[in-house]
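Have the structure open as you read, and click along.

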Amino acid sequence: MTHFQTQQTPQFLSGGGAMGELMRTMDWSKSTLGDPINWPQSLRIAVSICLNFRFPLIIWWSSDLIMIYNDSYRELIAAKHPKAMGAKGADIWPEIWHIVGPMLEGVLQTGEATWSEDQPLTTERNGYPEESFFTFSYSTIRDETDNIGGVFCAVQETTKRVLTERNLTKQVNNLLIQAPVAICIFRGPQYIVELANENMLRLWDRTLDQVINKPVFECMPDLGGQGFEELLDNVYKTGIRFVTSEVPLTLLRNGKSEDVFIKLTYEAVRDEDGIISGVMAVADEITEQVHSRQKAEDTNKRYYRMLMESPFAFTVMKGHDMIITLANDLMKSFWGKGADVEGKSLLEILPEIRNQAFPGMIRNVLTTSIPLYLNETLARLTHNGITGDYYYNITYQPHYEADETVSGVICIAYDVTEMVLTRKKVEESEKRFRNLVDKAPSPICILKGEDMVLEVANEPVFKVWNVGKEALGKPFLDIIPEMKGQPFMVYLLDVYHNGVTLHGNEEPAYFTRKDGTKETIYFNFVYQPYHEDDGTISGVMVLATDVTEQVTSRKKIEESEHRYQEMIFSSPSLIAILKGEEMIIDIANDAILETWGKGKNVVGKPLLTALPELVGHGFDDLFHNVYSSGKPHFAYEMPVYFLRNGQKELSYYTFTYQAQRDTEGNINGVAVIGREVTPEA
């Protein structure tokens, strides 16, 4: 048992939780502070407040900056406890002393309090460096000679909030930038382009430098006069979303006006107070699909001074009427009722809390002498006639007189409104993120873990997979077992393990529906690593677009063209397709090449260049007449001289010149179909 343990414990070290117990049992002879019985009254008062306060507090005493702290601060320093208690700060925090040491020395020298918000520090609390953020204040503690004896510090770790905000912003930006659809954000009534992803820039045929931070209708005058400004005005003024599955517009792309079709959503963008500050546009160009469809269907004084300058709000209330005998400026600012509060009852100052829980709590502490600790407690207070919600960490502890009787209650409070509201904003941001997913027109889902368990999915996902919301919480392959043997699970696990985003284009997925029918759906998709707040990958975000219609339409056209050419080349008739006014040989089957006495090298050449012997025999006139009028021409037993083996040979042919038209109905060539009718000698 140490010398200190054999003495009666000083009153100021009573209570104080685990750190109070530690200080009562420590051998202080090894510290420059010496026996607590000999400590100055100013230090005793500071230590008593520190130990009995639930918010993280630390006292840096003397020029050696000796550390004394409470239970809550112990949680912040982790493995540095218990050696930190009574030790020099520079010995405990060498890794950050180049930052906090000068700050503390400055307070000791000037007496001016400091405030640091979200201060980045690289700490080693658990044996390894870790990025940390803290909000803290340094204020002076004056000794009995009215000199500065030490520094009082209230500290709050904000690492989780800072990292959460950072990661959330990164995730949302990644979602927007890497989305498989075109996304942009316009700000203000001039619709300044704040963000535009690659797909939107591609749609506009513009570079980022050409549009960013510029009014959209100035940098893209081609959008004017098409009704989009009126649509944006309505969404910006009313907040009513605009959605259309198909809208035509004319854009200047590749140096010329282009008529395109898009799926389009205009969604009001609101700032933290709910005021509309812009519009988000989500578009998906469906020009090819439309064309294909058209083609197919067309978040004491020194004592008083210490209290008054402390970084926390402090007041002393006497008796059951809760008469205010002392309140520092910070507490008065919390109340918002001016500086003249001493001598008045709490309820006279704050009538608005009469029906709240605080009067009952204070009287209970006065009656029982049991302290009360509250965290993030809501108080509805009225400032300048306006009632608002404020959040505080509060300690109510009995106020003892010299005879050890309880005469009132001490209230120590710390405003955590900003922290609570920030957290709520982060939660709201997460909610908005999920809402964005829910309202997206294309399939979006988040799959977690090795089994790719479905955590988030919007309605288009359920529709494509032909399942309901009961699929949430189930593994991917349990939801759609027919994906076994298909490459998607391999793709997902590769993104999950390697953290590299995967893009897929027109990838077929084969589904087996509940009635046993088979269905093939083609997708353009992005598989993106899903990061948690600490940066670890926990799953994969899937963003997809159904492009089945455009794929099937294109395949039908390709198949039709194949059958057409196969018919020509297998026909015994003499067939050639001439294109344009120059009569370029586009197709010539074997029969007609044999008749001409030419090889396939003539394909791609003008007819009269390949067969100069036809010049002057009227064939060009016949061709141009059919090409210009669209009327077919028939000829029977017409004599034609061909140059074969160096000699002209006369043969007779019956043939038809038939106009050829493109998908728009315009003539683009002439088909020649014939047969030889030369009499046998």
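## Ground rules

This is a predicted model, where local features need pLDDT of at least 70, side-chain atom pairs count only at pLDDT 80 or more, and totals for chains, interfaces and linings use all residues. Residues are numbered from 1 along each chain as its sequence is written, and side-chain values use heavy atoms, with hydrogens and water left out.

Let's start with α23, which spans residues 619–629. Helices here are DSSP runs of H or I with at least four residues, strands are runs of E with at least two, and both are numbered from the N terminus. The buried residues of α23 are Phe-619, Leu-622, Phe-623, Val-626 and Tyr-627. Look down the helix axis and these buried residues fall within an arc of 125 degrees, so they line one face of α23; the arc is taken from the directions from the axis to the C-beta atoms.

As for the cut-offs, buried means under 20% relative accessible area, exposed means over 50%, and partly exposed is in between (1.4 Å probe, protein chains only). On the face turned away from the buried side, α23 carries the exposed residues Asp-621 and Ser-628. The cover over the buried residues includes β21 (574–579), β23 (633–644), β24 (647–661) and β25 (667–676), with contact meaning heavy atoms within 4.5 Å. After α23 comes Gly-630, with a positive phi near 85 degrees.

## Salt bridges

How many salt bridges does a search of the whole structure find? The search turns up 21, each being a side-chain nitrogen of Lys or Arg within 4 Å of a carboxyl oxygen of Asp or Glu.

Take Lys-80 and Glu-95, whose side chains meet at 3.2 Å, N to O. Lys-80 sits in the loop between α3 (71–77) and α4 (89–92), and Glu-95 in the loop between α4 and α5 (97–110), so the pair ties together parts that are 15 residues apart in sequence. Both Lys-80 and Glu-95 are buried.

Glu-352 and Lys-337 form another salt bridge, with their closest N and O atoms 2.9 Å apart. Lys-337 is partly exposed, at 32% relative accessible area.

Then there's Lys-448 with Glu-455, at 3.2 Å, N to O. Lys-448 counts as buried at 16% relative accessibility, while Glu-455, at 34%, counts as partly exposed. Elsewhere, salt bridges with shared partners join Arg-125, Glu-130 and Glu-157 into one network.
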